[in-house]
Amino acid sequence: MDKNFGLTQERFEELLTALQDGDEQLFEQVFLSHFNSCMQYLMRNYKASKADAYDVTMDTLLVFHKRMKAGKITYGNLRFLFTQMAGQHYKRWIKKEGFTHTAVEILEHELPALQIDKTDAQIFDDAWKRLGSHCKEILKAFYYDNVSLNDLAVQAEKKAAAIRKQKQRCLEKLRVLFHEINNR
């Protein structure tokens with residue numbers, strides 16, 4: 001039941017029918033039981049600001065409401081569906097707004113306990129800027145956005161082994177650039 005906003009399948013079906021007739025009780029149940037945890041998920045996993053997480057969660061809530069009303073949402077792990085929708089919405093929003101993360105932000109995200117020396121951080125950022133856009137996309141997607149190599153392969157219409165090799169080459173290229181800049 002927890003996976004479905006605390007609702008049994010029967011209760012969900014009753015509230016869904018009522019929602020389609022104008023009763024917003026199901027919508028309120030979703031809002032009250034999951035809004036804050038979805039915001040926390042976006043802030044934790046995507047490093048979204050509180051304001052951005054609020055906006056994305058609210059937008060997702062409205063889309064979810066519309067889909068429930070249209071009968072496009074069925075019972076079964078609704079919390080996961082809602083949270084995944086919010087994550088996808090946030091990624092699209094970031095891409096549309098043109099936000100980019102610096103290499104240092106990506107490094108800090110992956111190794112938060114690591115104390116990064118300012119000089120090394122600047123060298124790493126300079127190396128990142130010199131890295132090709134294709135490598136940046138692969139490394140950012142894999143390390144920052146937590147996209148699996150299999151998913152990257154599907155998106156690129158390539159085999160997972162090819163994407164894995166590209167990722168290795170990109171990391172090596174980044175290491176070489178770092179050392180070149182560091183040894184100047």
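Predicted model: local features only at pLDDT ≥ 70, side-chain atom pairs only at ≥ 80, totals over all residues.
On the α7 side, the contact is made by His-134, Cys-135, Ile-138, Leu-139, Phe-142 and Tyr-143. The α9 side contributes Gln-166, Lys-167, Cys-170, Leu-171, Lys-173 and Leu-174. Sorted by class, the residues in the contact of α7 with α9 comprise eight nonpolar, two polar and two charged.

Helix α9 (residues 160-182) also packs with helix α8 (residues 149-156). Here the angle is about 105° and the axes are 8 Å apart, which means that α8 is roughly perpendicular to α9. Residues Leu-149, Asn-150, Leu-152, Ala-153 and Ala-156 of α8 meet Ala-160, Ile-163, Arg-164 and Lys-167 of α9. The contact of α8 with α9 contains six nonpolar residues, one polar residue and two charged residues. Lys-167 of α9 takes part in the contact with α7 and in the contact with α8.

Arg-79 belongs to helix α4 (residues 78-97). Its side chain forms a polar contact of 3.4 Å with the side chain of His-34. A polar contact, with a distance of 3.4 Å, also links the side chains of Arg-79 and Ser-37. When residues up to four places away in sequence are not counted, Arg-79 touches Asp-2, Lys-3, Asn-4, Phe-5, Ser-33, His-34 and Ser-37.

Definitions and conventions
Residues numbered from 1 in each chain as written. Heavy atoms only, no water. Axes fitted to C-alpha atoms, helices over the stretch in contact; angles between N-to-C directions. Helix = DSSP H or I, 4+ residues; strand = E, 2+ residues; numbered from the N terminus. Parallel < 35°, antiparallel > 145°, perpendicular 65-115°, else oblique. Contact = heavy atoms within 4.5 Å. Nonpolar A, V, L, I, M, F, W, Y, C, P; charged D, E, K, R; others polar. Polar contact = N/O pair within 3.5 Å; in protein donor to acceptor, adjacent residues only side chain to side chain.
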